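Please work through each task before reading the solution.

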Amino acid sequence: QEQQVLEDLEVPLARRETETLFQEQPETGNQYLEDTLLRSYLKTHLPPKVLEEVHQDLERFGNRLLTKIQPLGWECELNPPVFRQYDAWGRRVDHIHTCSAWRRMKEISAEEGLIAEAYERRYSNWSRLYQAVKLYLFSSSSGGFSCPLAMTDGAAKVIESLGIPGSLKNAFSRLTSRDPEKFWTSGQWMTERRGGSDVANGTETVAREQPDGTYRLYGFKWFTSAADSDVTLTLARIADAEGQCTQGSRGLSLFFLRVRDEEGKLNSIQVQRLKDKLGTRQMATAELWLQGARAELISAEGRGVAAISNMLNITRIHNVISAVASMRRMISLSRDYARKRVAFGKLLKDHPLHMQTIARMEVQVRGAFLLLMEIVRLLGLAETNLASEQDQLLLRLLIPVAKLYTGKQASAVAVEAMESFGGQGYMEDTGLPVMLRDTLVLSIWEGTTNILSLDVLRSLTKSQGQVMAAFLSTVQKKLELASGTEELAPGVQRTREAIGSLQEFMAAAGSEQALTMELAARDFSYSLARIYTGRAKTGITEPWNGALLMEHAARPDASSTDVCAALRWCNQELCPVAVESGRGSYRGGAALQDSALVFGSS
């Protein structure tokens, strides 16, 4: 192939009817079969009988993704939703039209059991992990449909956590159905005009109780993803007889509502407009007026935030799935391109610097993938009552850590991978800019990096240190497994040194003011991510270190690639919070200095 390209370059330039670039399009095959890390993980962890069944289904699914689903995903990108507010006769219809490929994605999601698998629990505690693997393979080909699936999964989880009340049995059955004719998707309407994450102070929607025990909702939802969904969960404040509402989080209750009635008419909802977004254009995101929308109260009054927390945990895990999937997709394409593209007389794969860059991205996605698998493994144990107290504490900590970490990493990998294609990476019709745009939202959806860093601190405070104890204990156990492998000894030692630095920081921070910990929150969360699965520094091309990679490389049948990836984690700083603390970044007037730098004050 290389020789043919070089011969073509020697042919004198002649005008032809169509000129083509002397480069071949990067392609991937069956995503499951090509993902050696995924397959080795499943072989290591799944029981043999489960593995046999899962392997057959995933190979089949990989072929369906390649031949059927990927083309549909591209069609969704080319045919974004269209909003028609009025018909030809001036009647308001508020119709959101989605393309046939988007509607087919919904049918495929039901057929493949992308939600059902987690709730049928055919494989007990491994069912949640199996579902996550299918979603991971589906995500980068889904044309954005992974977003409504995230909210659908979250809604099903909330309803299940409430004991599946009689009034919600039909909804739960539809949200978890494998029948395309019955399958429903759900929204998650939380963001209002005052902002996103501060729902306690930003929620203005009011609920008025009706004589039949239902409620009517009145308010404005500023950002509603997948506005074409069948149902939704939303927060609102219940008004008393005098029309007064309790403010703050204690005034919020959780409601379930159908978006449309049996005839397809909106449930006293008006669509103001569709959002003009940077990415995820395949999906209808809208501003909605609730003008007496009929709804059912499903939480205890004033306990809406607590009730919806199960949904947030699930959607954050889905965010991690999308982040890891996007990284894997971009790197797979970069790798294939390196086998085909000739520059300076040889293939890109024969340029050491180019391969070093891709290798560093590969180490990054490996760590992120293992962190994802760890979380869904723990969730599966929790959902089948097999999780220990330490497992549950660890899950509480790792969900926000993984979400904030992988969201940032996915954006960085997308930018680096795009560069590996040169100018072609910047061309819209290659599809690469679409992947970049869709990836950038992952650090924003379901809580920004700073919001989730503060949530990590809350988990430590509320558990009175038990969460951190579970984290340290688990990391030490994983390092013990790796310590018997001589090749991994340097990495094990550096990880232990990082743990020591983290413990020293926490001991010192215990006597500091709350402001110190708030300033340290992001670096602290990064340190947890780097030690547990980790990365070295902020730069995308720097090596990593981490306990999960060490554990994976310590398997009896580990490959040289597994060992190499683990060792690449050993070379850089694992505990940035200790380094920054030593520099005085969180002490004294640091906050005032930050403000001065931002606003130019003297």
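**Exercise 1.** Determine what kind of surface patch L597, V598 and F599 form.

Solution. L597, V598 and F599 make up a nonpolar patch on the surface, and together they have about 420 Å² of accessible area. Such a patch joins nonpolar side chains (Val, Leu, Ile, Met, Phe, Trp, Tyr) within 5 Å, from residues with over 30% relative accessible area and no salt bridge; a salt bridge is a side-chain nitrogen of Lys or Arg within 4 Å of a carboxyl oxygen of Asp or Glu. Areas follow the Shrake-Rupley method with a 1.4 Å probe, and for residues only the protein chains shown count as cover. Next, F599 belongs to helix α22 (residues 590-599); helices (H or I, at least four residues) and strands (E, at least two) are DSSP runs numbered from the N terminus. Finally, F599 is exposed, at 68% relative accessible area, where exposed means over 50%, buried under 20%, and partly exposed in between.

The model is predicted: local features need pLDDT of at least 70 and side-chain atom pairs pLDDT 80 or more, while totals for chains, interfaces and linings use all residues. Residues are numbered from 1 along each chain as its sequence is written, and side-chain values use heavy atoms, without hydrogens and water.

**Exercise 2.** Identify the residues that touch the most other members of the largest nonpolar core.

Solution. A nonpolar core is a set of buried Ala, Val, Leu, Ile, Met, Phe, Trp, Tyr and Cys residues joined through side-chain atoms within 4.5 Å. The largest has 152 residues, and L42, F471, L502 and F524 touch the most other members. Helix α11 (residues 304-340) supplies the largest share of this core, 17 residues. Apart from this core lies another, of 20 residues, including V271 and L288.

**Exercise 3.** Is helix α14 mostly covered or uncovered, and what do its buried residues pack against?

Solution. Helix α14 (residues 432-440) is mostly covered, with seven of its nine residues buried. Among them are L432, P433 and R437. The buried residues of α14 pack against α4 (48-78), α11 and α13 (389-419), contact meaning heavy atoms within 4.5 Å.

Key:
Patch = residues over 30% accessible without salt bridge, like charges linked within 9 Å, V, L, I, M, F, W, Y side chains within 5 Å. Buried < 20%, exposed > 50% of the residue type's maximum accessible area, 1.4 Å probe, protein only.
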